[in-house]
Amino acid sequence: MFTADNMRFLLELSRTGRIADAAKRLDVDQTTVSRRITRLEKDMGARLFDRGSSGWQLTEAGRRLVPYAEAVESTLLAALDATSSAGSGSLHGTVRILTPDGFGAYVLVPGLGMVRDRHPDLFTELRTSTTHDLVTGRDFDLAVTLERPSPRSVSVSKLANYDLRLYASRRYLDTHSAIEALDDLEDHTLVWYVNAILDVEPLRRLERLLPKDRAHVQTNNITGHYQAVRYGVGIAPLPTYIGNADPDLVPVLPDKFVAERTYWLVVPRELARLARVQAVIEVLLDIVSENPDLRAPGQGGDSR
């Protein structure tokens, strides 16, 4: 007999592509996942997955079933959300957030006190990473990305624009040759991402604005860039919300170098109606609106 509960197994296996990963997320053993998928395929009268060395891939029949499975999941989550908050009138549960390193550490974390003040029974989990595949998994309730993802199973909206500018410490500028044009940077130490692993296109495009092959110091996160600049190691492009907040840093070539970038807000469609997710989104929008170095949609400089 068909059971909607088996749809959960379809969803998790479609998201992870591997029995072991789906079992871990569902908190069951691998045999249970395999058995539930077999049962669902029998009920549907069609093969829903192709099994291969690279993992389990949805068949055409499986892909057609996924939107219905997501609708079931969304309804159940909304019901649980409403029930858990009904008794006390406050929001409960956990909201899992993914963001790039810079936004998470320097914008979101300092503002999370708003969540505690407004929703003291709500928990937040924040994971940061500046990678191309930030939201390919589904281990998040909302995400902030530098690249606009495909909207197939998520809701995507523009969160804010920001500027990248070059910064150096006062000590560095006092002890090195003057910088009056971009070509002068060839005589200075530049700090940037590790080129071999930088796969975020909006950041790779930045290389076109700088002298080629001049990143003498490379690190895979923006905190490393900031610390290198702060301690006088060299010059780095930093978001203005980091550079302008440190009085010991000085913009370099402010009239000749600026790169505008965009942050996107991404929410899985089946989670968009959850009260706890909406509550954190509301706080996030307030954090952005109060930051002088972030421009919300509709403000000056908004572009795609």
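Biologist: What share of the contacts in the chain with a separation of 6 or more comes from residues 24 or more positions apart?
Modeller: This is a predicted model, in which local features need pLDDT of at least 70, side-chain atom pairs count only at pLDDT 80 or more, and totals for chains, interfaces and linings use all residues. Residues are numbered from 1 along each chain as its sequence is written, and side-chain values use heavy atoms, with hydrogens and water left out. If contact means heavy atoms within 4.5 Å, then among contacts with a separation of 6 or more, the share that comes from residues 24 or more positions apart is 76%.

Biologist: Which strand is joined to β11 by ten bridges?
Modeller: Strands pair if DSSP finds at least two bridges between them. Strand β5 (residues 142-145) runs antiparallel to β11 and is joined to it by three bridges, with Thr 145 having Trp 264 as its bridge partner. On the other count, Val 156 stands opposite Val 266 of β11, and the strand joined to β11 by ten bridges, also antiparallel, is β6.

Biologist: Which elements give two or more residues to the lining of the largest cavity?
Modeller: A cavity is a set of points on a 1 Å grid over the protein atoms alone where a 1.4 Å probe fits but cannot get out, lining residues having an atom within 4 Å of a point; points are joined across faces, edges and corners, and the volume is the space filled by probe spheres set on them. The search finds one cavity of 30 Å³ or more, and the largest cavity holds about 100 Å³. Of its 15 lining residues, the closest to the centre are Leu 146, Tyr 162, Tyr 193, Leu 203 and Ile 222. The elements giving two or more residues are α5 (101-111), β6 (154-169) and β9 (236-239).

Biologist: Which aromatic cluster contains Tyr 162?
Modeller: Rings of Phe, Tyr and Trp (its six-membered ring) pair if their centres lie within 6.5 Å, with planes under 30 degrees apart counted as stacked, over 60 as edge-to-face and the rest as tilted, and the structure holds seven such pairs. The centres of Tyr 162 and Tyr 241 are 5.9 Å apart and their planes stand at 55°, so this pair is tilted. It links strand β6 to helix α10 (residues 240-243) across 79 residues, and both tyrosines are buried. The cluster is formed by Phe 103, Tyr 162, Tyr 241 and Tyr 263.

Biologist: How do the rings of Trp 192 and Tyr 193 meet, stacked or edge-to-face?
Modeller: Trp 192 is buried at 7% relative accessibility, and Tyr 193 is buried at 6%. Their ring centres are 4.9 Å apart and their planes stand at 75°, so the pair is edge-to-face.

Terms used. On a 1 Å grid over the protein atoms alone, a cavity is a set of points where a 1.4 Å probe fits but cannot get out, and a pocket is an open set with protein on both sides within 12 Å along at least five of seven lines; lining residues have an atom within 4 Å of a point. Helices (H or I, at least four residues) and strands (E, at least two) are DSSP runs, numbered from the N terminus. Buried means under 20% relative accessible area, exposed over 50%, partly exposed in between (1.4 Å probe, protein chains only).
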